[in-house]
Amino acid sequence: MHIANGIVNAQVSAVFAVFAVVALALCVARGRADLDDRLAPMAGLVAAFIFAVQMLNFQVLPGVSGHLLGGTLAVMLVGPWVGALCVSTVLIIQCLLFADGGLTALGLNITNMAVIGTAAGYLLVAGLLRVLPKTPTGLAVTGFIASVIGVVIASQGFVLQYWLGGTTDLSLPAIAGTMAGVHTLIGVGEGLITATTVATVARVRPDLVYALRRFRTRPGSTAGATPSLRSAA
Amino acid sequence: MGAGHAHPLHLDHDSLVHRLPPQVKIAAVLLYTIIVVVTPRDEFLAFAGYALLIVVVTAIARVPAGWLAKRATIELPFVLLAVALPFAGHGERVTWLGMSLSVDGLYGAWNIFAKGTLGVLASLLLAATTTARDLLLGLDRLRCPRVFTQIATFMLRYMDILAEDARRMRVARLSRGYDPRFLWQVKAFAVSVGALFLRAFERGERVYLAMLSRGYTGRLPAAEGGGATTAQWATSAALPIAAACIGVAAVLR
């Protein structure tokens, strides 16, 4: 859900725009540490992937189709910093080329989906992987739980922004409840797809799963690791 | 692939607006949107003026009104929210056709509807008159951080390739007699998403190695030239200046 112009007032939008710029500057710095000169090509590719996946509409019920947001998926595959950069790039391009989401609400949208969504997703993934097995199944469970909760938390970012600068007086618990309810449904679809996607990647190329990186030295954590091209580069 | 990477919202013909350099158009749309958003919601005449400006630009850019109206449906979820506001709002209430409506909610609904629609129309006009490549060039010339324009450039280049890849995989699945459609068949869909990621990432690694061997050092060569003339800045400044005049006049009235 992309916030449009005029829902949250100009002052609060400006504050969140500044916040988004600072957060993204941090992501660029940390993303370079993860990818160095591969940052632009690889982040561009992941952004294109998220975009392509968002275009593959999946029929939830006859007549109702949903699509993936991809935040938690990006976090698990390329890490929180590059993931946030990718999601923000997708949001900027959607805003400028597809008129999806207001230009003045870009800071709000980036804060919710790229910063809060990926941060929550990453913290959950990092925490859950401590206790769950580092197998494709464990990753799938992690991905599912992190997606559902991450999407709901990101939706509560909107509630916070509306509380600070909503243009109409509404009962806040009602908005929070509606947003949480709708996004739990979205999150379940998101979670199922994230879980299966990550499990597929982990079976074939576990070296590509960022979430497994910290555990890579442990023998037997994932089966059939193939040598990465990364070391050759 | 060297062509201008058209995107679904680009209208490929020639007009005064199409010929303007991208950076001046982006600046004009951004300023216009900000002016619309900061206008107090009860200045109804100002919003009529803003709408008139959109009509004028649409006419100059020769964008068909029906085309614009069809694409503007992207904001429908927010129109639905706006419809709900008069019922859910607080404070003073009026009765209309037997329904009790909140005055604040009615203003709020108008606010979202007017500002949202004008913003979407302005963005659509920008998208209709600017190719994706030009848009990124424009952002670059507006001093948008290089790392973003680079990520976005790669993203746009890979996007068509990935969409084609996804389409081929779908055709392959359909031609083998399987068409996952419903929630309980989500696994087949997600497995192909995973396969798409693997193909894409391995392609990305190959492309990156190819770039390295051609001397890539983490920076793309900057596009030279293409600065906008004062006349071009003045032409596109007409939109935000006119909007600002309307807004100020309405508030001072």
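Me: Is B:Leu16 buried, partly exposed or exposed?
Reply: This is a predicted model, where local features need pLDDT of at least 70, side-chain atom pairs count only at pLDDT 80 or more, and totals for chains, interfaces and linings use all residues. Residues are numbered from 1 along each chain as written, chains are lettered from A and ligands numbered from 1 in written order, and side-chain values use heavy atoms, without hydrogens or water. Buried means under 20% relative accessible area, exposed over 50%, partly exposed in between (1.4 Å probe, protein chains only). B:Leu16 has 43% relative accessibility, so the class is partly exposed.

Me: Which residue in chain A forms a salt bridge with B:Glu202?
Reply: A salt bridge needs a side-chain nitrogen of Lys or Arg within 4 Å of a carboxyl oxygen of Asp or Glu. Here N and O are 2.7 Å apart, and the pair crosses between chains. The partner is A:Arg205.

Me: What separates B:Arg168 and B:Glu164 along helix H8 of chain B?
Reply: The two form a salt bridge, with the closest N and O atoms 3.7 Å apart. Helices are DSSP runs (H or I, at least four residues), numbered from the N terminus. B:Arg168 and B:Glu164 are four residues apart, so the separation is about one helical turn.

Terms used
Helix = DSSP H or I, 4+ residues; strand = E, 2+ residues; numbered from the N terminus.
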